[in-house]
Amino acid sequence: MNTKKAGKPAVKPATKPAAKAGAKALQKKPIGLKSQEKPAEKPAPRPAGPAPVRVKRPSNGAVKVGVVGCAGRMGQMLLKMLINAPGIVVVGGTERKGSIALGQDIGALAGADPLGISVSDDPSMLFETSDVVVDFTNPTATIQHAQMAARTGSALVIGTTGFDNDQLNSLYRAAQRAPIVLAANMSLGINLLQQVVEEVARILDPDWDIEIVEMHHRAKIDAPSGTALALGEAAARGRGQNLRRISRRSRDGQVGPRIKGEIGFAALRGGDVVGDHTVIFAADGERVEITHRAGSREIFARGAVKSVLWAAGKKPGLYSMRDVLGFSVQRPQASTPTP
Ligand code: NAD
């Protein structure tokens, strides 16, 4: 029976040598083995009815991590970071059927030393083996992976974006049986910025005008960026408003004076800028500007690694980067206790 509380770190990160020793032990065994100590056993047939919820706990050593979509841009970067991360052992990686990466060594794929583990197209085996699986693929694949997480109890860290409402509902259902971290932007800085912007907007009175400026590389096709809109939502939340009612997406020509309370957006494009965002709070005589600049995709991978360590051994539930970073908004408690 689980006696640990949700939200409490479930593992003491292993030291790097311990993690390496674990990795070596795993390399000698096929991917189907569930732990480093026990030999592989054929699972007993599952009785009829819903399967029991399993809260997976890392063994007393490192957290066993699998990467689905490991040959993608994020997948490769993530593999490299996970291989070097203390307290983590990479136990496998998958790719879609037909991918040229199948059969390649996942260490070599990440530009690191070979690990003796080949890229596979069997995610179910990976979920059986892993404490935590990280997913930067596409919405259709991620839904299948979430169902596997629900069956095995492995934690799932999802960076994939672009889910429709039905797919989001599937994720909510899977999260009843497995811990799932879902974050459309895993950069720690942007998640922190959202929180700060919400707080600043709450504190400052409506005489302070709010404007959001973003800049991205010349190939970006949408404007304003999704992150700029998320920052606008955070500011609107802080003011108790709905962004849709108060946003000013562009200005051109004789637009007249600024309307009090609106949140304005400006999008710049050029060069190879990964993503800059500035939220400006402007009043008479003073201005507060809060900026985030993304230098590379590594910031997303770093957030994913942090999520992996956080999610290992958590109770089933749908979590966000706010939970991972420990600044979840406190909801007011009901005054009368429920039976
Ligand atoms: P990518 O196309 O380079 O990588 C996706 C990989 O998934 C590919 O290698 C593909 O073959 C693989 N794949 C597809 N179906 C699969 C399946 N069924 N099983 C295993 N692998 C499968 O894309 P990317 O740039 O790495 O981005 C991936 C996703 O992550 C996108 O949705 C993107 O928007 C999102 N993303 C999120 C963040 C964040 O911070 N949350 C950051 C960057 C990208």
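In sorting residues by class, Ala, Val, Leu, Ile, Met, Phe, Trp, Tyr, Cys and Pro count as nonpolar, Asp, Glu, Lys and Arg as charged, and the others, Gly among them, as polar. By that scheme the shell around the ligand holds eight nonpolar, 10 polar and four charged residues. The model is a predicted one, in which local features need pLDDT of at least 70 and side-chain atom pairs count only at pLDDT 80 or more, while totals for chains, interfaces and linings use all residues. Residues are numbered from 1 along each chain as its sequence is written, and side-chain values use heavy atoms, with hydrogens and water left out.

The ligand is surrounded by 22 residues, the closest being Met-74, Glu-95, Thr-161, Met-186 and Arg-297; a residue is taken as near a molecule or strand if one of its heavy atoms lies within 4 Å of it. Helix H2 (73-83) and helix H5 (139-152) each supply at least two residues of this shell, where helices (H or I, at least four residues) and strands (E, at least two) are DSSP runs, numbered from the N terminus. A polar backbone atom of Arg-73 is 2.9 Å from an oxygen atom of the ligand, and a polar side-chain atom of Arg-96 lies 3.0 Å from an oxygen atom of the ligand. A polar side-chain atom of Asn-138, in turn, is 3.4 Å from a nitrogen atom of the ligand. Taken alone the ligand exposes 860 Å², and the protein buries 78% of that, with accessible areas coming from the Shrake-Rupley method with a 1.4 Å probe.

Turning to the sheets, two strands are said to pair if DSSP finds at least two bridges between them. An open sheet of six strands has parallel pairing and the order E2-E1-E3-E4-E5-E11. Strand E2 (88-94) and strand E11 (317-319) are its edge strands, each pairing on one side only, and the twist averages 20° from one strand to the next. Strand E1 (residues 63-68) runs parallel to E2 and is joined to E2 by six bridges, with Val-90 in E2 as the bridge partner of Val-65. Helix H5, which also contributes to the ligand shell, packs on this sheet and touches E1, strand E3 (132-135), strand E4 (155-158) and strand E5 (179-182), contact meaning heavy atoms within 4.5 Å. The direction of H5 makes about 160° with that of E4; axes are lines fitted to C-alpha atoms, for helices over the stretch in contact, and angles run from 0 to 180 degrees between N-to-C directions. Helix H6 (residues 165-174) packs on the sheet too, touching E4, E5 and E11, at about 145° to the direction of E5.

Another open sheet, of five strands, has the order E7-E8-E6-E9-E10 and mixed pairing. Its edge strands are strand E7 (247-248) and strand E10 (286-294), each of which pairs on one side only. Strand E6 (residues 209-216) and strand E9 (residues 275-283) pair in the antiparallel sense over seven bridges, and Met-215 stands opposite Asp-276 in E9. Helix H7 (residues 188-203) packs on this sheet, touching E6, E9 and E10, and its direction makes about 165° with that of E10. E6 is also joined to E8 by seven bridges, in a parallel run, where Glu-214 stands opposite Ala-267 in E8.

Conventions
Polar contact = N/O pair within 3.5 Å; in protein donor to acceptor, adjacent residues only side chain to side chain.
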